[in-house]
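Dear colleague,

Please find below the structure that I am handing over to you. My notes on it follow directly after it.

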Amino acid sequence: MRLPAHGSNPDHLFSALGMTKPAEIVDFSVNINPLGAPGAIKDHWPSLLAEIDDYPDPSASELKQMIGDHEGVAASQLLPGNGASELITLIARYLHGKKVLIIHPAFSEYASACRNEDCTIFYHVVHPPHWQLEKQALQKDIENVDAVFVCHPNNPTGVQYDKPAVDWLIDACEQSKTLLIIDEAFYDFASDPVTFIQKAVRSRFLLVLRSLTKMYSIAGLRLGFLAGQQELLARIQKTQPHWSLNAIALKAGVLCLNDQQHSRQTRQYMDTERARLFSFLKENEFLHSPSAINFYLIKDPSLDDQEALFQFLLQRGLVLRHTYNFPGLEGTWFRVAIKKKAENDLLMEALAEWKQGN
Ligand SMILES: Cc1ncc(COP(=O)(O)O)c(C=O)c1O
């Protein structure tokens, strides 16, 4: 593969392809809220800055209380982390040497974290056009492993699985004593957000993972949390470094969760833009995944190899996320984030131009 594995660094991408990077680029590979962080972060910045003199609260009590109130669970049923990524690493350490099933295509960090811990990795691949869970095939796969990762809504497809299918998966994992980790990093971008947190706090075999970096556009601050039973969280927390969460992130998290208007507005914005983009794609004969959130997969079905389209867009400064390192996709689709309206317009203009010339 000539392309950098992660795909989210445009400089690496242009140099790997031997292309000159245009002066202006729009990075559609980044799937963070285009409306930015809640205004309260900027407004309170002087008081956030004042936090840096002291060590952060290692028990993250204020943030845990706030998340607990928000989600209707006890603070003891939550484990905050330095981004959801840190928690994925901690889960992988907890699973050291075990057999892990990943429902794919999915976020690549589950596999890399588990591989670093000498886990044996198995894949269950979901397929287009619906990209839904298939119970019969899954049942067999679950029985052979110690843990299952599922991303819901899924990155990179953006698809929300049918709720009864996820409920079934939770029950099936419980019965076979398999730990199920549901990654809900993007759940709050859906107009009808579905969460399994209430089930997680009642089960020894279920964890729900959340990120605050996507919706609240604070990827540079790092903040996420796990919800589950206290004893299980305590075992996972064992290898977490002391003071893992910085003091600014702890306070910023509280400010973000206080601003529910921000996530409501984001959902409305996403609904409108997604509908506009999908109707354009349909009219122009591109295929897309039936995403419910802030990114989707696309391809031009008239092409055997999508790379020409990728390069055509790169020449115009429009950077999509390639999918060569997603088992089940292998570069046959691109992931595209829903960005600001003017940026989405640029993409549609370029795609229309591509269709006219092909
Ligand atoms: C599905 C999914 N889970 C977790 C993460 C990690 O999020 P965080 O920024 O909170 O570490 C990402 C980041 O891209 C993601 O796509």
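Predicted model: local features only at pLDDT ≥ 70, side-chain atom pairs only at ≥ 80, totals over all residues.

Residues are numbered from 1 along each chain as its sequence is written, and side-chain values use heavy atoms, with hydrogens and water left out.

The ligand is surrounded by 15 residues, the closest being Ser85, Asp183, Ser211, Lys214 and Arg222; a residue counts as near if one of its heavy atoms lies within 4 Å of the molecule. This shell consists of 7 nonpolar, 5 polar and 3 charged residues. In this grouping, Ala, Val, Leu, Ile, Met, Phe, Trp, Tyr, Cys and Pro are nonpolar, Asp, Glu, Lys and Arg are charged, and the others, Gly among them, are polar. Helix 5 (residues 83-94) supplies the largest share of the shell, 3 residues; helices (H or I, at least four residues) and strands (E, at least two) are DSSP runs, numbered from the N terminus.

Polar contacts, meaning pairs of N or O atoms within 3.5 Å, involve several side chains at this site. Serine 85 places a polar side-chain atom 2.6 Å from an oxygen atom of the ligand, and lysine 214 likewise has a polar side-chain atom 2.6 Å from a ligand oxygen. For threonine 213, an N or O atom of the side chain is 2.7 Å from an oxygen atom of the ligand. On its own the ligand has 390 Å² of accessible area, of which the protein covers 92% (Shrake-Rupley method, 1.4 Å probe).

Turning to the aromatic residues, a search of the whole structure finds 9 aromatic pairs. Rings of Phe, Tyr and Trp (its six-membered ring) pair if their centres lie within 6.5 Å; planes under 30 degrees apart are stacked, over 60 edge-to-face, and the rest tilted. Tryptophan 131 and tryptophan 333 form an edge-to-face pair, 5.4 Å centre to centre with 70° between the planes. These two residues are 202 residues apart, and their pair links distant parts of the chain. Both tryptophan 131 and tryptophan 333 are buried, that is, under 20% relative accessible area (1.4 Å probe, protein chains only). Phenylalanine 186 and phenylalanine 189 form a tilted pair, at 6.1 Å and 40°, and both are buried.

Yours sincerely

Methods: Buried < 20%, exposed > 50% of the residue type's maximum accessible area, 1.4 Å probe, protein only. Polar contact = N/O pair within 3.5 Å; in protein donor to acceptor, adjacent residues only side chain to side chain.
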